[in-house]
Amino acid sequence: MFFDRPASGELAVLVHLELTQSDEADDPREFEELVLSAGGDPVAFLTGARAAPNAKFFIGTGKLEELKQLVAEHKAELVIFNHVLSPSQERNLEKELKCRVLDRTGLILDIFAQRARTHEGKLQVELAQLHHMSTRLIRGWTHLERQKGGIGLRGPGETQLETDRRLLRARIKTIEKRLEKVRRQRDQGRRARTRAEIPTVSLVGYTNAGKSTLFNAITTADVYVQDQLFATLDPTMRRIELERVGAAILADTVGFISHLPHKLVEAFRATLEEASNSDLLLHVIDAATEDRQRNIEQVHEVLTEIGADQIPQLYVYNKTDLLEGMPPRIDRDEHGRPVAVWVSAKNKIGLEELRQALVELLGNKMFEGHVRLTSQMGRLRAKFHNANAVVEEHYQDDGGCVLWLRLPEMDLNRILAAETVSRSDLEWLINAA
């Protein structure tokens, strides 16, 4: 660390205010789950209501006195607010309470730091932490604001605060360069999948909706699953086989949450780009929670922020085992296209219906059929092979061949246009053996 702060432990006092000027309040139950996910031990919960936050302490002076008493009574080492605090508010509160103060953004960053496993995930968390820390450096150096003088103490003309800020900026630039390299590698992988015509399906949804459990059920993978917020942080991808579609890539992504810190979304852009470049999004929803509609809206907000709101979505209502009389089913729109599937990933119920919906949504864009090519159509045959579109091939006595093709309609049209051949020019076989 670049600076000293009050020591913090596990015993935490939680603070949640209902603000009448706020458009949307965060759920205090979810806040408590976040603290438990971070490994905290809530010993008291202070609630209240205000028209607007106090500029100096966020809470009023009366609530501040209550908070002091709770901290002293429970010997708490940490106070966590279910709100975003300004650097000066955090500094003023720590001075009054004599213990560490954390806001909602800092809490989420701490959880992400615990969950990161891959090198990329750790870099992304560190970048978000450094951005958050850069506005709060001054709190630890109020005793070193002047440059030191005297023999052996004269330095480069910087205060300690300036030195730390310079070091922070240098570290941020280094991490951003490394993440840019990761982004380019991901782009190469996506281009390779595009060339191979392998569709990508990304699991998105509110945190703890059961995405990783569903991912494991579909792919027979062994991704970490836990009944806690942000159990999954690092993206995982697996290849699956779908009837009439062939291979597809299924990606498990980080869960979303209300008021996800903007800097966190920015730092995880390399990971979230998997979702924004997918052919289909599986929006996993906890069907049993009372906040179902609110969670759906929060996910849509984040998808809009990362530019993924225009990608086709299939709603997957999970945890139907917690609902009475809810068999697995596919909901369809007026055109008969699947729009939602009801499943229980934990009990592996409804997975066949989910696969069927995936086949319908991804397979509709695929062309499959048999075509007879003459011996003079070698270039066209080669292009079909280069596009990995040939499932089977049979040669005939006259030198021609019959190809069983499966490829996206768009690619079929592109290949035929490049060879100036129309579909009516070719001999399509209906009952090819």
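# Salt bridges and a parallel sheet in a predicted model

R381 is partly exposed, with a relative accessible area of 25%. This value, like every other in this report, comes from a predicted model.

## Salt bridges

The side chain of R381 forms a salt bridge with that of E393, with an N to O distance of 2.5 Å. These two residues link distant parts of the chain: E393 belongs to strand β13 (residues 390-395) and R381 to helix α12 (residues 378-386), and twelve residues separate them. E393 is also partly exposed, its relative accessible area being 24%.

K383, with 30%, is partly exposed. In another place, salt bridges with shared partners join R29, E290 and D291 into one network.

A further salt bridge is formed between the side chains of R372 and E427, at 3.9 Å from N to O. R372 lies in strand β12 (residues 366-373) and E427 in strand β15 (residues 427-429), so that this pair links parts of the chain 55 residues apart. The two partners fall into separate classes of accessibility: R372 is buried, at 17%, while E427 is partly exposed, at 42%.

How many salt bridges are there in total? The count comes to 16.

| Salt bridge | N to O distance |
|---|---|
| E393 and R381 | 2.5 Å |
| R372 and E427 | 3.9 Å |

The strands of a sheet pair through backbone hydrogen bonds, in either a parallel or an antiparallel manner. In this model, an open sheet of four strands shows parallel pairing, and the order of its strands is β2-β1-β3-β4. Its edges are β2 (41-50) and β4 (100-102), each of which pairs on one side only. On average, neighbouring strands of the sheet are turned by 20 degrees against each other, with direction ignored.

Strand β3 (residues 78-81) pairs with β4 in the parallel sense over three bridges. Within this part of the sheet, V79 stands opposite V101 in β4.

Which helices pack on the sheet? Helix α1 (residues 28-37) touches β1 (11-19), β2 and β3, and its direction makes about 150 degrees with that of β2. Helix α2 (residues 61-74) packs on the sheet as well, touching β1, β2 and β3; the angle between its direction and that of β2 is about 170 degrees.

## The chain as a whole

The protein chain contains 13 helices and 15 strands. Of its 433 residues, 49% are buried. Among contacts between residues at least 6 apart in sequence, 70% join residues at least 24 apart. The chain exposes about 21,800 Å², of which carbon and sulfur atoms supply 49%.

Technical notes. Residues numbered from 1 in each chain as written. Predicted model: local features only at pLDDT ≥ 70, side-chain atom pairs only at ≥ 80, totals over all residues. Heavy atoms only, no water. Salt bridge = Lys/Arg side-chain N within 4 Å of Asp/Glu carboxyl O. Buried < 20%, exposed > 50% of the residue type's maximum accessible area, 1.4 Å probe, protein only. Pairing = 2+ DSSP bridges. Axes fitted to C-alpha atoms, helices over the stretch in contact; angles between N-to-C directions. Contact = heavy atoms within 4.5 Å. Areas by Shrake-Rupley, 256 points an atom, 1.4 Å probe, with all protein chains shown as cover.
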